[in-house]
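Have both open and follow along topic by topic.

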Amino acid sequence: MSASTASPSITRRILHRVFPKVPNFFALLAEQSAQVGVSAGLLVEYMGSGSSEVAKRVIDAEHEGDRLKVRNLTLLNEAFSTPIDREDLHRAIINLDEIINSCKTVVAEMDANVLALKADKYCLEMAVCLKDGAEAVAAGYGRLGSDPKLGRADAEKSDKAVRNLTRTHRRALAELFNDTDFQNIFRRKEIYGQLLRAGDRLNVCNSTLLDIVVKLC
């Protein structure tokens, strides 16, 4: 091997040690946020079918979400530098995973061994709102590496979905409290509350997206 061939290789190795390659955190967040959309979509499918097979897919999606979270946090901890504040990246990674966890929790609590509850129209409607918001957030995170300013419109769409979820929750409770079956009231109120908390977590995730967009633009 000639000196002219070896020299650039040695130089690259030295530069890599001094200035390690920075992971593409925008691509990593895009992948993780897309998994949120998958989980929310499966939750809607479960609410519409009550299928145990779909429930298993929700659990599997949560496991994949955990894998992506751990991977992203590990890369963040080891990164020499980051394209935006580490705190913002950390919040985004954690908050995205919380939405996936919420989808799994809802399905697990509706399982026959816990609450033995079938979805009603309000469960389905709130799940659809969550899916709409999650997909909007995923679109916003997906734009960070190319055209982040477009993420504002995605954030607004997600915020509207969360507001719709909250309004649906109020209507659900108003009708539920006319029931005389106290066991049904207790069980459905618990699931409605879990879906509302999922919306709250989506709202936090959306706020993180907006913070990142502001700093990039």
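Let's begin with a cysteine: Cys-217 is exposed, because its relative accessible area of 52% is over the 50% cut-off. Keep in mind that this is a predicted model. The average pLDDT of the chain is 91.

**Cysteines**
- The structure as a whole holds 0 disulfides.
- Cys-103 is likewise in no disulfide, and the cysteine sulfur nearest to it, that of Cys-205, is 12 Å away.
- With a relative accessibility of 1%, Cys-103 counts as buried.

**Asp-97 in helix H4**
- Helix H4 spans residues 86-110, and Asp-97 is found in it.
- Asp-97 is buried, because its relative accessible area of 2% is under 20%.
- Setting aside neighbours within four places in sequence, Asp-97 is in contact with Gln-32, Gly-65, Asp-66 and Lys-69.

- Ala-116 lies in the loop between H4 and helix H5 (121-142).
- Ala-116 is partly exposed, with a relative accessible area of 47%.
- Beyond neighbours within four places in sequence, Ala-116 is in contact with Met-110, Asp-111 and Arg-187.
- Ala-116 and Arg-187 are 71 residues apart along the chain, yet their C-alpha atoms are separated by 8.6 Å.

**Confidence**
- A pLDDT of at least 70 is reached by 90% of the residues.
- Over residues 1-6 the pLDDT is below 50, and this stretch has 1 contact in the model beyond near neighbours in sequence.

Conventions. Residues numbered from 1 in each chain as written. Predicted model: local features only at pLDDT ≥ 70, side-chain atom pairs only at ≥ 80, totals over all residues. Heavy atoms only, no water. pLDDT = per-residue confidence, 0-100. Contact = heavy atoms within 4.5 Å. Helix = DSSP H or I, 4+ residues; strand = E, 2+ residues; numbered from the N terminus. Buried < 20%, exposed > 50% of the residue type's maximum accessible area, 1.4 Å probe, protein only. Disulfide = S-S within 2.5 Å.
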